[in-house]
Amino acid sequence: MEKVLQVKNLHKTYKTGFLLERKKVLHGVSFSVERGQIVGLLGPNGAGKTTTIKSILGITPVDSGEILIFGERLSKSAKAKIGYLPEAPYFYDYLTGMELLSAFSRFYGGVKRGRIEEVLSLVGLSEASKKRVRTYSKGMLQRLGLAQAILHDPHLIILDEPMSGLDPIGRREFREIINRLREEGKTILFSSHILQDVEMICDHVVMIYQGKVIKKGVLEEMLQEEVKFFEVTVEGVELEGMEAERKSGNRVLYRAESEEQVQEIIKRTMEKGGKVRAVVPRALTLEEIFIREVGKNEGSA
Amino acid sequence: MRAVLNVARITIKEGFRDKVYLSFLFFAVLLLIFSIFLGMLVVGDPTKVIADFGLAVISIFALLMVIFVGGGSLMKEIQKKTVLVVLSKPINRGEFIMGKILGIWLEVVVNIFLMSLFLFLLILARGQALWGIFVQAGLLSLEMGVLTSIAILFYTFPTYFLSMLFTLSFYLVGHLAPTIEKASRTINNPFLRNLTRWVSYLIPNLEYFNLKNQVIYGLKVPASFYLKSFLYFLLLVFVFTALSILSFEKREV
């Protein structure tokens, strides 16, 4: 599949304070995003997510490393294929939502007729389009931010903490919009420190911690390969020496810590003339995987 | 070029609606009206007093606009991170800075001509058409172009107060440049004399854009002066815009 974005071995140091002390924030970050993927850049605050995104967009220079967008280095033509929503976006106070989008569209040489109204409607800002941006709530600013990011119909959409500051309804609506973009075949890179958002939206995950990528891969595979225990439901028998998790009528649910234990439960149930109704593997949650990876990283540091 | 003009257009639109801009314009007009009363109180030709005071008011308010409306708009964009969104578009940092300078300058030029028109009408009401006011407005516009590029250079630094102070200092020292050069001739120590002279050459000489006295007293000015002023304006704007771009390239936003 076509690689939309390739981030190779990024290193970045900031100079901070009066004495310009050097603080390294990215230590060889590498990952790639393929066409049509929704990739979650997951990490706690200060992990280097925003710096990585700013480096991709050429907003902040890196010490070393390479970034390829559609196989080429960042240029104006590559930028025209990207849409970007920063964290807690802020726009020109005295312009209206409509004027802002119209002004931004000029950076791309204009957009097709009716496109501005279309994106305003998509993000639910049609009614507020003639109001000045300074009167917008935080949630409305976030929606306007998304509208300007998708205005020029970009191939790659980069969203930096798009859910922060949104109420539960706003979050759900945002997820619906992202799902729509997924259906349109857009490629999305999405940073967040909220695991639930990543779990609900993304199909790929890049975990970043202290400026390093600590784990990356397909979310579903990641969750499936990390089985914590099994739940075995049997019917018509009770197994001696095993503590039941739950009983309901003649059904009993046992917890098995390993595949061997599952086999043992099945064998004993069959021997006693009972039936095995279900064996459900219970995987680690994304949160548990993330915390374990962080622990590993700290252990090796 | 499209990106530069677009940034300028956004800056102008935003600026004209900014309450600070409108407040400055309002207070400038109030002070210009006050000049009528000043003309009555002060000994001398009232028209000349009004013109003198009025031109000074226009000059000071144009400077305040460069500092507060112009520099403030760049600072706000950096602090509130609007600049991140703009820089993610097909535009580079140099084009962004050029667009800001152009937009702020045009905003201030409109203001200068509005204030000048008001002053012209005040004096016209007294029976004198002082067309020279518009000549001075043109020169002041060039001066404010230079000061805008200087202000933007300083506003690419992270300290707001220092940026403001440096811009103001350049305005004051810029008008003293010829005086410093003259004073250097009276220094006996050759090293200090040369040093002072060279320092005076390095300071942007803003007196190239000042014809207030000639306007008020109706003195003739050779055409070569305007040409020199314009070329000097181009040189200074080029130098300070280039420095602003270099400084902004290094700034983390």
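User: In this predicted model, which strand of chain A holds A:Val29?
Analyst: The model is predicted. A:Val29 has its place in chain A, within residues 21-34. That stretch is strand 2.

User: Is A:Val29 buried or exposed?
Analyst: A residue is buried if 20 or more other C-beta atoms lie within 10 Å of its own. A:Val29 has 25 C-beta neighbours inside 10 Å. A:Val29 therefore counts as buried.

User: Which residues does A:Val29 touch, not counting those up to four places away in sequence?
Analyst: Residues up to four places away in sequence are not counted here. A:Val29 then touches A:Val7, A:Leu10, A:Gly48, A:Thr52, A:Ile208, A:Gly211 and A:Val213.

User: How many Å apart in space are A:Val29 and A:Glu220?
Analyst: In sequence, 191 residues separate the two. In space, C-alpha to C-alpha, A:Val29 and A:Glu220 are apart by 23 Å.

User: What is the order of the open sheet of three strands in chain A?
Analyst: Its pairing is antiparallel. Strand 2 and strand 4 (64-69) stand at the edges, each with a single partner strand, so one side of each has no neighbour in the sheet. On average, neighbouring strands are turned by 20° against each other, direction ignored. The order is 2-1-4.

User: Which residue of strand 4 of chain A is the bridge partner of A:Leu5?
Analyst: Strand 1 (residues 3-16) and strand 4 of chain A run antiparallel and are joined by five bridges. Within strand 4, the partner of A:Leu5 is A:Ile69.

User: What is the order of the open sheet of six strands in chain A?
Analyst: This sheet has mixed pairing. The twist from one strand to the next averages 15°. The order is 5-6-7-3-8-9.

User: Which residue of strand 8 of chain A is the bridge partner of A:Leu42?
Analyst: Strand 3 (residues 38-42) and strand 8 (residues 204-209) of chain A pair in the parallel sense, over four bridges. In strand 8, A:Leu42 is partnered by A:Met207.

User: Helix 1 of chain A lies across which strands, running at about 115° to strand 1?
Analyst: Helix 1 (residues 49-56) of chain A packs on the six-stranded sheet, touching strand 3, strand 6 (156-160), strand 7 (187-192) and strand 8. Its direction makes about 150° with that of strand 6 of chain A. The strands it lies across at about 115° to strand 1 are strand 1, strand 2 and strand 4 of chain A.

User: How are helix 5 and helix 6 of chain B oriented, roughly parallel or roughly antiparallel?
Analyst: The axes of helix 5 (residues 93-124) and helix 6 (residues 132-155) of chain B come within 9 Å. They cross at roughly 150°. Angles over 145 degrees count as roughly antiparallel. The two helices of chain B are therefore roughly antiparallel.

User: How many residues of the contact of helix 5 with helix 6 of chain B are nonpolar?
Analyst: Helix 5 of chain B passes helix 6 of chain B in a right-handed crossing. Residues making the contact include B:Trp105 of helix 5 and B:Met144 of helix 6. Five of the contact residues are polar and one is charged. The nonpolar ones number 16.

User: How many residues on the side of chain A that touches chain B are nonpolar?
Analyst: 22 residues of chain A are in contact with 20 residues of chain B. Helix 2 (76-79), strand 5 (82-85) and helix 3 (97-105) of chain A each supply at least two residues of this side. Two residues there are polar and three are charged. The nonpolar count is 17.

Notes
Residues numbered from 1 in each chain as written. Chains lettered and ligands numbered in written order. Predicted model: local features only at pLDDT ≥ 70, side-chain atom pairs only at ≥ 80, totals over all residues. Contact = placed C-beta atoms within 7 Å. Nonpolar A, V, L, I, M, F, W, Y, C, P; charged D, E, K, R; others polar. Axes fitted to C-alpha atoms, helices over the stretch in contact; angles between N-to-C directions. Parallel < 35°, antiparallel > 145°, perpendicular 65-115°, else oblique. Left-handed = near helix turned anticlockwise from the far one by under 90°. Buried ≥ 20, exposed ≤ 12 C-beta atoms within 10 Å, placed from the backbone. Pairing = 2+ DSSP bridges.
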